[in-house]
Amino acid sequence: MLLKNSLKQMGRTKVKTIVFLILIILTVTFLSLGVNLWQMCNANMKEYEKVFTTIGVVNQKENAIKVRESWDAATKEYTYWDKPVYDSMLPISLLDFEGANYIVKPEQRPYYGAYCPDIKIIPPNRDEAVQLARWGSIIEIMPYEDCIPTEPVKVKVVKVLWGTSCAVGDDIWLCDHYNDDPGLLQKGKTYVTTIQSWPNLHSDSDAKAYYESYPSNLTISTQMNKNGELIAKDVPHQDWEEVTDNFYDTEEGKKWESLIEADDRFIKHTFPVVPTSKTELLMDFHQGKAHIYEGRDITKEEYEKGEKVCIIPQNFAKANKLKIGDKLNLQLYFADYKRAASQTYYPGGGLVLDFGLLNAKGEAYPVFENSNYEIVGFYYNTAKSITEPTGYEMGYNAVVIPSKSVKNSDENNIVAYGPMKGYTTSFQILNGTTREYLEKFKALGINNLEVEFYDGGYEKLASGMQNLKTVAIILVIVSVATTLAVLFFFIFMFISKQKKRTAIERSLGMSKKECTLSMLYGIIFIIFIGAIFGGFVGFKITGTIMSNSMGEEGELYSTAFSNWVNNSDKMAELNEISVSANIWAPIFVCLAVILVSLVISLIFIKNNLKAEPLELLSKSEE
């Protein structure tokens with residue numbers, strides 16, 4: 001009865017009531033929109049923090065460029081190329097400065113060579129004999145006459161020490177192709193060398209020389225210390241050595257025997273192992289080109305504790321019938337601090353050897369770490385055959401392990417050491433702090449180091465979301481002020497301006513409580529309708545705005561120009577991490593508006609009830 005009477009009273013001022021309803025709907029719509037946008041922006045930012053990581057990579061710049069030359073026996077000309085020169089190898093400790101705020105501290109990763117005789121490493125589409133033939137052979141040869149191999153000369157194979165590219169009794173055409181001053185080969189003498197063969201490029205050579213064989217002396221050690229200095233100082237001048245009586249009992253002869261062992265171990269049974277402090281520090285994983293296919297990733301605790309766990313390539317597991325939970329024996333025997341694994345073990349299965357397999361003593365590198373690792377996950381890599389790897393790719397058959405799991409020093413097993421490069425040196429910082437980091441880094445005055453960040457497009461996304469959040473906050477502030485103004489004005493119009501109505505109702509015998517409800521019901525009913533309608537209109541509009549801004553055509557969050565996309569060619573899957581509008585937000589807004597309206601109304605009604613009815617009826621309302 002009181003509600004009906006209250007609504008009837010409001011119906012006598014229809015225009016005022018309709019205007020009040022429309023204004024409540026509009027102000028609550030914008031208030032709901034602002035609150036929803038604010039809430040969604042905060043939620044999306046939290047999701048971005050979970051999904052995106054900011055990885056920094058470090059490159060040491062060269063101090064100078066040196067022109068190198070190489071002789072080409074086929075063209076009788078030198079070819080030239082630029083080679084960077086570094087005065088010294090800068091230590092990674094330079095990156096440990098105050099205010100860096102690392103999540104994962106900088107690491108300069110080597111990759112290790114792991115020996116495992118029971119593991120199949122040759123690509124499934126290749127025959128082992130063909131693979132070995134590509135690597136040539138270690139052979140003894142005898143010239144038919146005195147000669148200098150500045151062009152293909154015929155020699156006889158008298159012994160095959162290792163390899164399948166030729167057989168005893170074969171004639172091969174030897175040419176020291178890249179040496180502008182090869183030595184003399186004497187008739188009747190025997191020489192040991194390593195050869196690789198390719199089609200003859202000499203237009204003026206013997207027509208029968210379809211292939212030429214290039215000699216090399218792979219007993220030369222490239223062992224280095226961590227200052228990038230060669231340990232072995234004496235290097236043989238020629239690419240072969242004369243085999244004399246009891247040659248293999250001499251120091252030089254034993255090196256060739258050691259090379260046979262080292263070649264067999266490297267070609268047939270060695271695969272790369274990549275130690276790291278976090279899987280995402282490896283760029284293929286950070287950019288989504290490599291991902292866990294089965295099992296799980298190495299956990300943060302396992303990385304920190306140096307647990308003996310690993311993740312391996314899916315094809316590697318399939319070829320060797322390995323399962324999650326199996327143990328993989330890793331016998332680590334060399335460390336390369338200059339190149340990434342993919343620059344030796346090409347992602348497509350190719351193999352390029354740019355270092356010596358013997359140490360400074362002329363021996364095969366001994367195993368410095370022998371451990372069994374539990375396989376916790378298989379990863380799949382989308383990288384195909386690459387002819388010129390950049391180093392950021394995962395190497396073929398590369399096994400990932402925690403850096404701290406390698407307990408023994410590799411100091412005496414370093415085959416190459418180079419400056420910090422993006423594919424070997426990286427770290428992780430908090431998302432959105434790249435500018436702050438760079439400012440502090442530049443203040444150090446280290447001119448020879450460059451830092452580049454890959455954040456998956458986070459900063460562009462976060463910047464757009466932060467701009468939208470700012471708009472939402474402004475909208476909330478303006479809407480709150482407007483809503484309060486509308487409520488104060490119309491509640492004043494409907495209550496304070498109707499003191500005579502209150503006096504009449506009290507004169508008719510209505511109690512103060514009944515008078516209060518009579519005034520309150522109609523106003524709260526109108527506000528309830530307006531708040532509900534406005535709140536959910538704002539909710540729907542928020543969903544539309546966020547859908548459009550997060551869609552493929554939305555420019556606000558476009559990552560088309562981020563350095564991450566240019567390097568990885570992969571857009572962030574925003575739809576998978578965007579947050580939907582929360583239905584509780586408009587409900588909260590509605591309840592808040594109704595509660596505030598109730599408080600304001602009660603204040604005005606209480607003021608009306610203070611005056612005596614007879615006093616109010618004795619004078620006209622202002």
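Student: Which residue in β20 stands opposite Val-57?
Tutor: Glu-452 stands opposite Val-57. Keep in mind that this is a predicted model.

Student: How many bridges join β1 to β20, and which way do they run?
Tutor: Six bridges join them, and the two strands run antiparallel. Strand β1 covers residues 54-60.

Student: What's the strand order in that sheet?
Tutor: The order is β4-β19-β1-β20. It is an open sheet of four strands, with antiparallel pairing.

Student: Which strands are at the edges?
Tutor: β4 (102-108) and β20 (449-454) are the edge strands. Each of them pairs on one side only. From one strand to the next, the twist averages 20°.

Student: Which helix lies across it?
Tutor: Helix α8, residues 434-442. The helix lies across β1, β4, β19 (425-429) and β20. Relative to β20, helix α8 runs at about 175°.

Student: New topic: β15. Why call it largely enclosed?
Tutor: Because nine of its eleven residues are buried, strand β15 is largely enclosed by the rest of the structure. The strand spans residues 327-337.

Student: How does β15 pair with β5?
Tutor: In the antiparallel sense, over five bridges. Strand β5 is residues 111-115. Tyr-115 has Gln-331 of β15 as its bridge partner.

Student: And what does Gln-331 face in β16?
Tutor: Asn-370 stands opposite Gln-331 there. β15 and β16 pair over six bridges, in the antiparallel sense.

Student: What about β18: parallel or antiparallel to β15?
Tutor: Parallel, over three bridges. Strand β18 is residues 414-417. Asp-336 has Ala-416 in β18 as its bridge partner.

Student: Back to β16. Where does Asn-381 lie?
Tutor: Asn-381 lies in β16, which runs over residues 369-381.

Student: Why does Asn-381 count as buried?
Tutor: Its relative accessibility is 19%, and buried means under 20%, so Asn-381 counts as buried.

Student: What does Asn-381 touch?
Tutor: Leaving out residues up to four places away in sequence, Asn-381 touches Asp-284, Lys-289, Ala-290 and Met-394. With Asp-284 there is a side-chain polar contact of 3.3 Å.

Student: What lines the largest cavity?
Tutor: 20 residues line the largest cavity. Nearest its centre lie Arg-109, Leu-282, Ala-340, Gly-391 and Tyr-423.

Conventions: Residues numbered from 1 in each chain as written. Predicted model: local features only at pLDDT ≥ 70, side-chain atom pairs only at ≥ 80, totals over all residues. Heavy atoms only, no water. Buried < 20%, exposed > 50% of the residue type's maximum accessible area, 1.4 Å probe, protein only. Polar contact = N/O pair within 3.5 Å; in protein donor to acceptor, adjacent residues only side chain to side chain. Contact = heavy atoms within 4.5 Å. Pairing = 2+ DSSP bridges. Axes fitted to C-alpha atoms, helices over the stretch in contact; angles between N-to-C directions. 1 Å grid on protein atoms, 1.4 Å probe; cavity = no way out; pocket = protein on both sides within 12 Å on 5 of 7 lines; lining within 4 Å.
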